[in-house]
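Me: I have a structure open and would like to go through a few local details. Can we take them one at a time?

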Amino acid sequence: MKIYCISDNIDTNIGLRLAGVDGIVVHNKEEVIDSINNARNDKNIGIILITRKLAELVPQLIDELKLSAGLPLIVEIPDRHVQKEQENEYITNYVKESIGIKL
């Protein structure tokens, strides 16, 4: 299974390509939807990484994919503009929303 990244900036895309993760850079809602659908149709892709900013453009689609419990899994990642304090808060909120435990 491969990992595929849908990013809104070239820096994230290049960094992940250096680690062996293919991906695409998109900027609007239609491109995000098309990219997700193309990745879902590729049976070799097991995980889709998507930057938080893009995930916020299509929250219903992201929630539907997360709740489907099927492949590919979708994982939101922070982009390069997130400050350290925001990152810690994001992880705490993610755990709280996912399993209902406040850290």
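This is a predicted model: local features need pLDDT of at least 70, side-chain atom pairs count only at pLDDT 80 or more; totals for chains, interfaces and linings use all residues.

Me: Ok. Which residues of helix α1 are buried?
Reply: Helix α1 covers residues 10–18, and Thr12, Asn13 and Leu16 are buried there.

Me: Where do they sit around the helix?
Reply: Looking down the axis of α1, the buried residues fall within an arc of 100°, so they line one face of the helix. An α-helix has 3.6 residues a turn, so residues three or four places apart point the same way.

Me: And what do the buried residues of α1 pack against?
Reply: Four strands: β1 (2–7), β2 (22–25), β3 (45–51) and β4 (73–77).

Me: What caps the N-terminal end of α1?
Reply: Asn9 does, with a side-chain oxygen 3.3 Å from the backbone nitrogen of Asp11.

Me: New topic. Is the peptide bond from Leu71 to Pro72 cis or trans?
Reply: The bond is cis, and its omega is near 0°. Most peptide bonds are trans.

Me: Where is Pro72 found?
Reply: Pro72 is in the loop between α4 (59–68) and β4.

Me: Last one, Glu56. Buried or exposed?
Reply: Exposed, because its relative accessibility is 57% and the cut-off for exposed is over 50%. Glu56 belongs to the loop between α3 (52–55) and α4.

Me: How far apart are Glu56 and Glu76?
Reply: They are 20 residues apart in sequence, and 9.7 Å separates their C-alpha atoms in space.

Technical notes
Residues are numbered from 1 along each chain as its sequence is written. Side-chain values use heavy atoms; hydrogens and water are left out. Buried means under 20% relative accessible area, exposed over 50%, partly exposed in between (1.4 Å probe, protein chains only). Helices (H or I, at least four residues) and strands (E, at least two) are DSSP runs, numbered from the N terminus. The arc is that of the directions from the helix axis to the C-beta atoms. Contact means heavy atoms within 4.5 Å. A polar contact is a pair of N or O atoms within 3.5 Å; within protein, one must be able to donate a hydrogen and the other to accept it, and residues adjacent in sequence count only if both atoms are side-chain atoms.
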